[in-house]
Amino acid sequence: MSFRLASPVTRRQFVTSSTAAVVAAGFGATAASTQSSNGPMSGGSMRVIIDTDPGVDDAFALLLAMRSPELKIEAITPVAGNVPLELTLPNALRMVEIAGRTDIPVAAGARTPLVRRLVTAAYAHGENGLGGAVFPEPKTKPVAEPAAELIRQIIRKYPGEVTLITLGPLTNIAAALGSDSELAAKVKGLVMMGGSLSGGNITPAAEFNIYVDPEAARMVFQSGIPITMVGLDVTRKTALTDDHVQTLSAGKSAVSQAAAKIARNAIEHNRSQGFLIGPNMHDSLALTAFLDPSILKFDDYYVDVETNGELTAGQTLGYSPNQGDLRRSPEMQKKAESSMVIRGSAPTLAGTKISPVLRDKYVPNTKVALDLDSSRFFSLLIGRLSS
Amino acid sequence: MKRRSFVVLLSALIVFSYTLQLQAQKIKVIVDQDARGPATTDMQSLLIFLQSDKFEVLGITTVSGDQWMKEETQRTLRLLEIAGRTDVPVAEGALFPLLNSKEESERWENLYGKLGYKGCWSDFSKHAHVSEAYRAGYHDPEVVPHLAEGEPHIKPIDESAAEFIVRMVHKYPGEVVIWAGGPMTNIALALRIDPQVATLAKELVLMGSGMYADNGGINGVDGRREFNWWFDPEAVRISMRAPWKKITITPIDISVKTNVGPELHDAIAKADTPVARYLTKYSEPGFMWDELSAAALIDPSIITGQKELYVDIDIDHGPSYGETLFWGPDVSLPSYERKATVQFDVDTKKLYDLYIKLMTQAPHAQ
């Protein structure tokens with residue numbers, strides 16, 4: 001089954017009409033069906049753009065992507081996030097050089113979030129963004145086009161074919177979508193590392209990627225693009241171990257050696273901070289959700305982003321008609337879904353009794369990853385990097 | 001070389017260099033507009049740019065605001081045909097503000113009270129005082145209704161507005177004036193696609209914001225809640241904090257001192273040109289919001305009073321979402337707040353004379 005939008009879906013249509021129900025019903029099949037119909041190793045048929053802020057686990061994910069024969073990587077678009085663009089851009093270039101894939105265009109993205117000041121995570125990724133693992137200065141140059149422009153060009157060139165894999169703040173994607181109202185309907189899907197329905201990391205509410213640019217994230221969640229969200233709910237269940245490092249060290253390829261070096265430094269960094277388990281492989285897991293969705297379990301949600309909270313900006317909220325483990329009878333479940341509204345905070349002004357409704361209808365826009373098979377994930381990750 | 005041919009060559013060179021010089025003196029401008037039509041303040045300001053020989057219009061970029069962008073683009077293309085300026089490229093811009101939305105504005109109204117004017121989110125059929133050409137009901141973003149002034153034959157270029165802005169400031173570094181007559185979505189996107197936009201441009205000139213709003217604001221709403229800025233507050237925040245060389249603002253405070261009245265209408269009606277006929281048929285009395293901002297670029301002496309103020313916008317999604325923030329020039333503020341030249345007083349006679357001259361002049365040769 002191949003997934004196609006019958007007609008362009010705009011933000012307004014998406015949030016107000018039932019067109020989106022078609023989207024939601026269809027997108028579960030995107031990555032999985034493409035993969036199974038083409039076979040896992042048929043070679044470079046799944047077009048992706050990787051938007052990233054390397055970043056220790058970004059670097060891992062980039063290496064994994066370049067070692068995944070089913071992907072056709074159309075571009076890598078670094079953005080400011082874990083560290084400033086001055087570092088994420090050369091780090092991305094370093095990774096394409098290590099993997100011998102300098103044929104992949106790398107385009108410089110946004111230096112700052114849409115409206116906020118940049119907050120980085122050098123505390124977790126080291127001052128150079130690679131956990132202190134030092135690699136030579138890259139010789140490769142980025143392409144002339146800015147990231148958002150290149151993203152737009154590629155999606156327009158292959159309408160309905162390109163999946164966006166986002167591993168950092170969503171500034172580049174939001175800029176591309178905002179500047180071209182027809183673009184969202186031409187994107188096949190978006191798989192993000194970001195968000196959480198079970199508490200954040202940089203604040204109790206927000207996961208880092210969404211926290212850095214909540215406004216951009218909100219634009220993306222409301223764009224109508226079928227989204228797969230791989231957030232802290234699952235990524236915090238992944239931990240890199242010394243065994244993984246040993247396997248990588250034994251690998252002969254430059255990729256395996258580079259991955260071993262980054263992994264060793266990252267584990268060391270984690271230990272120096274007193275953590276008892278190794279670093280999470282957030283971004284590689286997001287990429288894996290695209291490569292082999294059967295490794296994770298997903299549920300449908302309408303996800304929106306808090307942009308206004310004094311303490312909670314960047315929190316992802318998953319609206320669902322399901323009440324935890326309390327399951328309803330099928331007909332009551334259907335009723336609950338059709339009558340559910342997306343409700344906002346209670347009014348603050350005296351005399352107002354209307355409960356602010358953000359959407360008058362529940363329409364899922366996101367498949368949220370809620371569980372994973374960790375050993376299958378690591379055998380895919382370490383297996384591909386060390387082979 | 002014979003003496004005579006030398007003289008001919010020399011004078012040809014002089015003429016050529018003079019022409020070049022004239023071309024160089026022209027203001028290279030990108031006109032970013034929420035071009036509701038026909039013959040609104042949006043279109044009349046476009047005509048000022050198209051009719052005046054003071055400008056080299058690099059292109060017109062459209063953005064949703066007074067109307068949805070798709071309809072505006074068609075009306076702009078038709079206007080170019082009427083004005084005989086099909087040489088000017090039109091790039092389609094943002095269809096939606098960055099974060100604000102029709103739904104959010106309705107939620108806001110439920111909490112804080114009715115808004116007077118909501119541009120493309122309004123239902124103009126309920127505005128009894130406007131004439132037939134403008135009394136259309138609300139329509140969806142992609143819908144382009146029948147155009148009373150005629151359907152255009154030309155098309156927009158295959159480039160987004162934000163990308164067009166980025167490309168032009170790189171092509172003519174230090175020379176391009178970006179003029180914004182509508183919400184600032186395209187400009188904000190251009191700034192985030194390429195942060196060099198602000199420093200490469202010559203100047204940002206815009207119609208937007210409200211400070212003291214002598215006339216009590218629009219339709220009784222707070223004078224600091226001006227439509228262009230209110231429609232996309234986040235875009236204004238991005239644009240106002242960018243490192244432009246210069247920012248000039250035409251706020252509603254000065255616009256409400258102007259008026260397209262019967263005298264202007266009658267003076268233009270006397271001319272028999274496609275532009276004059278278009279205006280005579282469709283133009284309505286009203287404030288010269290955008291025309292004033294465009295005309296002051298041609299003749300700065302139209303502005304008789306201005307202030308240097310720090311200007312920004314409230315982007316908290318509460319009761320003051322989209323309201324103008326401003327401070328005097330001598331206060332101590334963080335470095336990200338930027339000063340702008342804000343126009344407050346106008347020589348209306350100069351403005352009206354210039355406007356009539358431009359709107360009645362002989363048509364451009366096609």
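I count two residues as in contact if their C-beta atoms, placed from the backbone, lie within 7 Å. The model is predicted, and local features need pLDDT of at least 70, side-chain atom pairs count only at pLDDT 80 or more, and totals for chains, interfaces and linings use all residues. Residues are numbered from 1 along each chain as its sequence is written, while chains are lettered from A and ligands numbered from 1 in the order in which they are written.

I looked up Val220(A) and, leaving aside its neighbours within four places in sequence, found contacts with Leu170(A), Ile173(A), Ala174(A), Leu177(A), Leu190(A) and Ile225(A).

I turned to helix α8 (residues 171–179) of chain A, where 9 of the 9 residues are buried, so the helix is largely enclosed by the rest of the structure. For buried I require 20 or more other C-beta atoms within 10 Å of the residue's own, with C-beta atoms placed from the backbone. Helices (H or I, at least four residues) and strands (E, at least two) are DSSP runs, numbered from the N terminus.

I then checked strand β3 (residues 162–166) of chain A, and 5 of its 5 residues are buried, with Val162(A), Leu164(A) and Thr166(A) on one side and Thr163(A) and Ile165(A) on the other.

For pairing, which needs at least two DSSP bridges between two strands, I noted that β3(A) runs parallel to strand β1 (residues 46–52) of chain A over 4 bridges, with Leu164(A) as the partner of Ile49(A). β3(A) also pairs in the parallel sense with strand β4 (residues 187–193) of chain A over 5 bridges, and there Ile165(A) stands opposite Val191(A).

Methods: A residue is buried if 20 or more other C-beta atoms lie within 10 Å of its own, exposed if 12 or fewer, and partly exposed in between; C-beta atoms are placed from the backbone.
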